[in-house]
Amino acid sequence: MIELHRKAARLPVTEAPPHSLFSFGTLRDGRVQAALFGRTVPHAPAALAGHTTRPLRITDPEVIAASGLEVHLALGRRIGCEVEGAVLALTDRDLTAADDYEVDDYARRRVLLTSGESAWAYLDARPLRPAERIVIVGDSIAYGRCDAGGGWAGRLAATHIAADEVEHRVFNLAVPGSTLREVSEQTPALLGARLPDTLVVAAGINDTAHGGDDGAWLDGLGQSLGSLAATALECGARLVVLGPTWLEEERARAYDGLSFTEAKALALRAALRAWCSARHVDFVDLWEPLQGRPDLLADGLHPTAEGHQAVFEHLMATAS
């Protein structure tokens, strides 16, 4: 957490405010703004459709001292609802101060306001916890190959829907063999009728198989991810990128005539993590649940039923 008054003292009031931040809670309070930013900041009324709020108990004493409240609000998803708030115009330093003020239960992510304007907002740090309608896109591992139970995605669907039979939905639209480029091209046409609030992109390793060892296959990665991020934002969904699962190179190297190696899979994993971190997009690492466990892989690439269960448990522990 920050030292509020020391941080406020070094903020220049003449710096241009390039950032829009949607606030529905304590950041609209002039006392909090004065403590964080050294002044009140320009703001305008705004609303965020498809969301509702829930109480969140705060334990950090500095945040409680600044806001005067032990219970703040957190956003949840709900079709037909709308959260009223305000858009704050913030400088780079203001935004950093706001990040430091928010507790670990929140993460700053892009949202599309009712007005059509894009803005930052502080959402639940666990991306699947507030989700109601989830769309999954990806390759054969997300599809659930080698598991009659539908893989980790089938387990996620069963658990998620069982929690709320009326409001919760999961649509698994993964296609075996798909690359990220193909996923990014196909996804926009798939989302409209399904009204997702969360888009889960299972970034498998098919991209790595279509190039040599020089890393040239990474060149189009950012463009594909950028397109998926824009697609998610346009339909009001939160983008969640899942990293690749571990592979057993000895069996996977020449799978179906393609070249899968651990080095290239690790390069993809690092590139996905870096892209998401730089853009405040949720990244969930799926490497560790299977790492060093060839017994959990049916063919060196695809998890067995037990492997999918391990991936599912990891996903639930880190994202829900």
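Q: Let's start with Leu301: buried or exposed?
A: Leu301 counts as buried, because its relative accessibility is 7% and the cut-off for buried is under 20%. Bear in mind that this is a predicted model.

Q: Where is Leu301 placed?
A: Leu301 is in the loop between strand 10 and helix 12, the helix that covers 305–319.

Q: And which residues is Leu301 in contact with, leaving aside neighbours within four places in sequence?
A: Leu301 contacts Ile141, Ile205, Thr245, Leu247, Ala252, Tyr255 and Phe260. Leu218 is another matter: its C-alpha atom is separated from that of Leu301 by 20 Å, and the two are 83 residues apart along the chain.

Q: Is Glu250 buried or exposed?
A: Exposed: Glu250 has 75% relative accessibility, whereas Leu301 has 7%.

Q: OK, switching to the inside. Which residues touch the most other members of the largest nonpolar core?
A: Ile136, Trp152, Leu199, Val241, Leu242 and Leu272, out of 59 residues in that core. There is also a second, separate core of 18 residues, with Val41, Leu56, Ala74 and Ala97 among them.

Q: What is Trp152 in contact with, beyond its sequence neighbours within four places?
A: The partners of Trp152 are Ile136, Ile141, Ala142, Val200, Ala202, Leu242, His308, Val311, Phe312 and Leu315. Ile141 is also on the contact list of Leu301.

Q: How far apart are the C-alpha atoms of Arg54 and Val200?
A: They are separated by 23 Å, and the two residues are 146 apart along the chain.

Q: Now backbone angles. What's the phi of Cys146?
A: It is positive, at about 75°, and Cys146 is not a glycine. As a rule, most residues other than glycine have a negative phi.

Q: Where does Cys146 sit?
A: Cys146 is in the loop between helix 5 (140–143) and helix 6 (151–163). With a relative accessible area of 38%, Cys146 is partly exposed.

Q: And what about His280, what's its phi?
A: Phi of His280 is near 55°, again a positive value in a residue other than glycine. His280 is in the loop between helix 11 (262–279) and strand 10 (282–284), and is partly exposed at 27% relative accessible area.

Q: Zooming out: how many helices and strands does the protein chain have?
A: The chain has 12 helices and 10 strands. Buried residues make up 51% of the 320 residues.

Q: How does the radius of gyration fit a compact globule?
A: It agrees: a compact globule of 320 residues would be near 20 Å, and this chain has 21 Å. Its C-alpha atoms fill a box of roughly 60 × 45 × 35 Å along the principal axes.

Q: Last one: how many positive and negative side chains are there?
A: There are 30 positive and 43 negative side chains, and the centres of the two sets lie 3 Å apart.

Key:
Residues are numbered from 1 along each chain as its sequence is written. This is a predicted model: local features need pLDDT of at least 70, side-chain atom pairs count only at pLDDT 80 or more; totals for chains, interfaces and linings use all residues. Side-chain values use heavy atoms; hydrogens and water are left out. A nonpolar core is a set of buried Ala, Val, Leu, Ile, Met, Phe, Trp, Tyr and Cys residues joined through side-chain atoms within 4.5 Å. Buried means under 20% relative accessible area, exposed over 50%, partly exposed in between (1.4 Å probe, protein chains only). Contact means heavy atoms within 4.5 Å. Helices (H or I, at least four residues) and strands (E, at least two) are DSSP runs, numbered from the N terminus. The radius of gyration is taken over C-alpha atoms; the globule rule is 2.2 Å times the number of residues to the power 0.38. Lys and Arg count as positive and Asp and Glu as negative; His and the chain ends are not counted. The place of a charge is taken as NZ of Lys, CZ of Arg, CG of Asp or CD of Glu.
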